[in-house]
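Here are my notes for you to read alongside the model. Keep the viewer open and find each piece as we get to it.

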Amino acid sequence: MVSAWYFNSESKHDQRELNQYSPNKPVSLEELGKIGVLYDFIDASLGEAYYSKQIDEFSKKRGYKNRDVINIHKDTFPNYDEKIKTFFEEHLHEDEEIRFILSGSGYFDVRDKADKWIRIAVSQGDLVIVPAGIYHRFTLDTKNNIIAMRLFKEVPKWTPINRDIPTTEQNPHRTEYKTQLNSVGKIWTYPNNPRVAKALVAAQYNKLHVEIGHVDVGKTNATEEYLFKFGGQVPAFETLDGFTLTGANAIAQYIASATPGSQLCGNSTKEAARIQQFISLVDYDLAPAQAAWLFPILGWTPKDADATKKAIEDTKRVLKALNEHLRDHTYLVNEAVTLADITVALTLLNFYRMVFDEKFRAEFKNVNRWFLTCVNQPEFIAVIGKVELLGSKAAPAPVAAAAAAPRAKSPARAASPAKKAPAAAAAKKEEEEDFDLFASDDEEEDAEKAALVAQRLKEYNEKKAAKPKPVAKSMVILDVKPWDDETDMKALEANVRGIEMPGLVWGTSKLQAIGYGIKKLQITAVVEDDKVGVDDLSEQIEAFEDLVQSVDVASFNKL
């Protein structure tokens with residue numbers, strides 16, 4: 001197994017010696033991961049048939065296409081002395097350096113964040129990945145021999161770029177590595193994806209840098225490497241040490257908690273649980289209402305009057321609960337912004353921009369105050385810009401904290417003119433119970449409002465029509481089952497992939513055993529929703545009735 005320690009640069013020993021401090025300063029695999037150096041172990045002593053199969057699987061995961069074997073020994077390696085000297089000069093590569101040790105041993109030295117040397121001892125079975133752009137060097141140990149397999153994503157090459165060259169520090173691969181080194185991770189997403197905004201706002205509060213990886217939906221996320229890492233999901237997240245996540249909530253949670261002691265995750269177990277309660281409120285109440293109320297306005301889904309009516313009622317119910325809660329609270333959980341505030345505020349953002357007009361907002365003053373307090377903070381503005389509410393040219397400045405709005409006194413404590421005039425109080429109560437948020441006491445006002453809304457919708461639709469519409473896509477995994485174990489599965493797959501339709505891109509596939517020697521074909525496809533129907537696609541596959549018994553949808557995910 002690999003071991004690592006800080007290299008004693010003041011040591012006078014030969015470069016092939018341990019060169020440890022006294023006492024030794026060990027470095028863990030976790031610490032190596034933080035600078036992008038990854039490690040795995042494959043037991044090479046079990047023979048070539050075993051390790052070749054393992055390497056094939058490993059290469060498939062990471063997209064390595066080529067390999068060679070290098071034997072470094074003074075009797076077999078050309079220009080041995082010159083090459084050993086070259087290997088030990090500090091340099092970088094523009095590709096990952098992947099080495100699987102078949103026999104022998106040696107040392108990789110890599111620079112940490114503080115530019116100090118870390119020595120990594122490798123021997124048989126160790127597989128080390130040194131990232132592109134990191135400064136490093138290599139030397140044999142006192143045994144003077146190592147046989148290693150080198151893996152490459154493209155054509156095999158080994159081109160060192162020495163650090164002492166003046167332009168090396170400006171090399172784009174060096175620049176990219178330094179960016180990764182100072183980043184909490186990379187979010188893979190398509191442009192302007194609203195689902196990643198909460199993660200980016202959380203990063204602003206925690207003063208963390210987040211890289212953005214561009215996803216061309218249907219292409220980037222259909223590659224073998226992306227499918228292996230993220231299952232085709234968008235957005236997805238990856239750290240320098242190889243840790244991966246999918247799902248907007250999980251990514252936001254990771255970034256919110258990436259800074260020790262961050263206010264975003266609460267100050268206690270109870271506060272952390274309360275934060276999750278508000279996030280669940282978004283997932284189960286506000287998000288469905290948003291889809292039913294706003295998506296038809298955006299032209300993303302057909303209009304459904306009943307669904308919209310229910311969405312409005314559900315939204316009002318949630319806002320009333322929030323309004324009551326925020327009567328005595330500046331923020332949702334404690335006296336600072338947490339991930340709950342970020343998640344709920346960003347979910348309400350398009351409601352405030354598109355449907356919460358001034359009259360609607362009037363009933364929810366505490367929610368308005370809280371919302372404006374959040375979105376006018378620089379961390380929000382850095383991600384979403386200045387917010388304009390429906391019916392206003394610019395967002396008003398946030399008002400004072402909720403403490404300025406005292407809780408209404410209970411009937412038992414309030415001065416009660418209702419006792420002197422019970423009939424009037426009853427009439428007023430009945431009137432309040434019958435109150436309709438969308439009703440008006442002035443028919444002329446309704447007519448003016450209707451005309452204004454119609455004009456705004458016309459302007460909005462004209463503006464929207466001028467913009468290219470996003471293409472709705474989904475990733476589908478189909479299980480194609482043959483009749484028996486004698487079915488030619490290669491012919492079956494060839495027939496399936498032979499189906500061509502506009503908006504259909506076939507992805508990876510594999511055979512899975514289902515019993516009695518029978519295997520099913522599991523195949524991935526990315527489809528444009530308005531061009532490809534999954535039912536139609538399944539019927540076309542089932543038309544190969546000599547080969548196909550049935551087709552099932554194993555997974556269906558919107559991208």
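**Notes on the model**

1. Let's begin with the surface. The protein chain exposes about 30600 Å², and carbon and sulfur atoms supply 52% of that area. Keep in mind as you look around that this is a predicted model. Of the 559 residues in the protein chain, 42% count as buried. The secondary structure comes to 18 helices and 18 strands. Now take the contacts between residues at least 6 apart in sequence: 73% of them join residues at least 24 apart.

2. Next, a sheet. In what order do the four strands of the open sheet stand? They run β12-β11-β13-β14, and the pairing is mixed. At the edges you'll find β12 (209-214) and β14 (244-246); each has a single partner strand, so one side of each is left without a neighbour in the sheet. From one strand to the next, the twist averages 25°. As a reminder, strands of a sheet pair through backbone hydrogen bonds, either parallel or antiparallel.

3. With β12, strand β11 pairs in the parallel sense over six bridges. With β13 (residues 236-238), strand β11 (residues 183-189) pairs in the antiparallel sense over three bridges. Is β11 enclosed or open to the outside? Seven of its seven residues are buried, so β11 is largely enclosed by the rest of the structure.

4. Strand β8 (residues 136-140) is worth a look too. Five of its five residues are buried, so the rest of the structure largely encloses β8. In a regular strand the side chains alternate between the two faces of the sheet. In β8, both faces are covered: H136, F138 and L140 lie on one side, R137 and T139 on the other, and all are buried. Strand β5 (residues 97-111) runs antiparallel to β8, and five bridges join the two. To find one of these pairings, look for V110, whose bridge partner in β8 is H136.

5. Now a pair of helices. Two packed helices are described by the angle between their axes and the distance between the axes. For α5 (residues 197-205) and α7 (residues 248-256), the axes come within 8 Å and cross at roughly 5°. Angles under 35 degrees count as roughly parallel, and α5 and α7 are therefore roughly parallel to each other. On the α5 side the contact is made by K198, A199, A202 and A203, and on the α7 side by A248, N249, I251, A252, I255 and A256. By class, that makes eight nonpolar, one polar and one charged residues.

6. L537 sits in helix α18 (residues 534-542) and is buried, with a relative accessible area of 2%. Leaving aside its neighbours within four places in sequence, L537 touches L478, I499, M501, L504 and W506. L537 and E500 are 37 residues apart in sequence and 9.8 Å apart in space, C-alpha to C-alpha. T487, by contrast, lies in a loop, the one between β15 (473-482) and α17 (489-497). Is T487 buried or exposed? It is buried, with a relative accessible area of 14%, which is under the 20% cut-off. Setting aside neighbours within four places in sequence, T487 is in contact with P482, L492 and L547.

7. Finally, some backbone details to check. Most residues other than glycine have a negative phi, and most peptide bonds are trans. Which peptide bond has omega near 0°? The one from S22 to P23, which is cis; P23 is in the loop between β1 (3-6) and α1 (29-34). The bond from V234 to P235 is also cis, with omega near 5°, and P235 is in the loop between α6 (224-230) and β13.

8. N79 isn't a glycine, yet its phi is about 50°; it lies in the loop between β3 (66-72) and α3 (80-87) and counts as exposed at 52% relative accessibility. D115, also not a glycine, has a phi of about 70°. You'll find D115 in the loop between β5 and β6 (117-123), and it is partly exposed, with a relative accessible area of 33%.

Note on methods
Residues numbered from 1 in each chain as written. Predicted model: local features only at pLDDT ≥ 70, side-chain atom pairs only at ≥ 80, totals over all residues. Heavy atoms only, no water. Pairing = 2+ DSSP bridges. Axes fitted to C-alpha atoms, helices over the stretch in contact; angles between N-to-C directions. Buried < 20%, exposed > 50% of the residue type's maximum accessible area, 1.4 Å probe, protein only. Contact = heavy atoms within 4.5 Å. Areas by Shrake-Rupley, 256 points an atom, 1.4 Å probe, with all protein chains shown as cover. Parallel < 35°, antiparallel > 145°, perpendicular 65-115°, else oblique. Nonpolar A, V, L, I, M, F, W, Y, C, P; charged D, E, K, R; others polar.
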